[in-house]
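Please keep the structure in view while reading.

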Amino acid sequence: MMQQIMERAKELVAGKLQIVETAEDWELLLEEIRGIDEWVQLSRFYTPRVHPKEVLQPTKEEQPTSPGPLTELPKSDEPIVEQRYAYTFVRELKGGSLQEWPNSHISEKEIRQWNLEHGMEVRVQIIHQDHRRTSLEVLAVVATDQMKALEQRIVFEKCIVKNHGIIESTVNGPLKDETGKPFYYATPVEDMRFFQLKEGQLVDLVMWKGHPETLTIAWKYAFQYEEPIVQPFDSSTESKPTNATAEMAVTSVSKKSTGRYAKQMKRKPTVKKVRQPRRIREKKQQPMTPLVTTSLPGQPIDYVDKEPLEFAAFKGMRLVIVGNEQQAPVYRTFFAETGIELIHLAGDAQSAKKIACLAQKTDAIVVITSRVSHAASAHVIAQAKKHAIPFAMERLDGRRSLYTACQRQLEKARLHKLKTGKS
């Protein structure tokens, strides 16, 4: 039967091809070919089918012939899908499938786009196929005669996602189970990452009836939920009864309008205020103080504070420098020639805690404030005050300014030893 239909379809197409001369004829030919295709598909659907397994089964009289070395037997493990004009849609927890097509799958997006229900007959086409399943795309809905509601599938629509993926309410009220008892759902981390959930988004939860362990997210809406703003009721704006309004209308019509009220309510032009000039407070003139330097008047600036530093009197004393650990090798090389014991600590708080065990034998401390943390400087200052050690907070990290600060603090420590007589 189908062979005759195919032969007839070929004859029709071949006959139409002979009369095509212009572009308009070609468009008409395409329309007629589509109509022939619909006729072939309908004939294929209504023609009685012969199952391929019945053809392969040998009769009792005929002995199965042994296949040759190059022939292959059909694999019985692969499912045989009958080509149909329409298939029955089966609703699942997330997505759906076709009753006559094993391992078929229809995405949740396609279901919501076509508003598919359990039992509908649809036409599909393959968009992806592998060894696990076949992804299908819906082309049209053919029939809805067998459509019915799936009572085993419970849907909680438009649930509000809160912080850390907690869902405990919908836009219509709290989240309740089959018995009406409120509950909440903690979204797993995998679903949070897959759906990219954030606080305030809306999702749909689904589960099978009587199986709360199957509760999961099936769909995420593209918009976020915003709480409605409820304004308090103002009693002053409450509308008065209709009788009162009628009486007021009657009295207003009966009275004569003099126009005095209209004159009073007439809009008066507002005079723009003249902007007063802004008073600028003049700064008090202060006398310029001359810059005190070690140079003589007229001496070039290159010779300012360039006198050599003397550390010979501080030989054997201990000096602690805190901060600017990048210049530690330079500082050690400089103070090694002077005979001063140098201990350099880093600018973090953990390294500055070492000053507690070094403070009793330390003579002077210099802290480079631009290269040290607040916690470290506070700890060092507290130990210096506790043991009466001369210390300086040097803002600049230049070598000249640092060595000058070290010389001053060592001089204070030496004078303190001479005054107290301590060695």
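Predicted model: local features only at pLDDT ≥ 70, side-chain atom pairs only at ≥ 80, totals over all residues.

R318 belongs to strand β12 and E341 to strand β13, so the pair ties together parts that are 23 residues apart in sequence. R318 counts as buried, at 15% relative accessibility. E341 is partly exposed, with a relative accessible area of 38%.

The two residues also face each other within the sheet: R318 stands opposite E341 in β13. Strand β12 covers residues 318–322 and runs parallel to β13, to which five bridges join it.

## The sheet around this pair

In what order do the strands of the open sheet of four lie? The order is β13-β12-β14-β15, and the pairing is parallel. Strands β13 (341–345) and β15 are at the edges with a single partner strand each, so one side of each has no neighbour in the sheet. On average, and ignoring direction, neighbouring strands of this sheet are turned by 15° against each other. As background, the strands of a sheet pair through backbone hydrogen bonds, in either a parallel or an antiparallel way.

Two helices lie across these strands. Helix α8 (residues 328–336) lies across β12, β13 and β14 (364–368), and it runs at about 170° to β13. Helix α11 (residues 374–386) lies across β12, β14 and β15, and its angle to β15 is about 155°.

## A buried charge without a salt bridge

E394 is placed in strand β15, which spans residues 391–394. E394 is buried but has no salt bridge. Why does E394 have no salt bridge? A salt bridge requires a side-chain nitrogen of Lys or Arg within 4 Å of a carboxyl oxygen of Asp or Glu. For E394, the nearest side chain of opposite charge is R408, and R408 is 6.3 Å away.

Leaving aside residues up to four places away in sequence, E394 touches V366, V367, I368, T369, S370, S401 and A405.

## Salt bridges around E108

By the rule used here, the count of salt bridges comes to nine. One of them joins the side chains of E108 and R91, at 2.9 Å from N to O. E108 lies in helix α4 (residues 108–114) and R91 in strand β1 (residues 87–91), so this pair ties together parts that are 17 residues apart in sequence. Both E108 and R91 are buried, and the relative accessible area of E108 is 9%.

E108 also forms a salt bridge with R112, where the closest N and O atoms are 3.2 Å apart. E108 and R112 are four residues apart in helix α4, so about one helical turn separates them. R112 is partly exposed, with a relative accessible area of 28%.

## The chain as a whole

The protein chain has twelve helices and 15 strands. Of its 423 residues, 28% are buried. The chain exposes about 33000 Å², and carbon and sulfur atoms supply 53% of that area.

Contacts also link parts of the chain that are separated in sequence. Among contacts between residues at least 6 apart in sequence, 58% join residues at least 24 apart.

Technical notes:
Residues numbered from 1 in each chain as written. Heavy atoms only, no water. Buried < 20%, exposed > 50% of the residue type's maximum accessible area, 1.4 Å probe, protein only. Lys, Arg positive; Asp, Glu negative; His and termini not counted. Contact = heavy atoms within 4.5 Å. Pairing = 2+ DSSP bridges. Axes fitted to C-alpha atoms, helices over the stretch in contact; angles between N-to-C directions. Areas by Shrake-Rupley, 256 points an atom, 1.4 Å probe, with all protein chains shown as cover.
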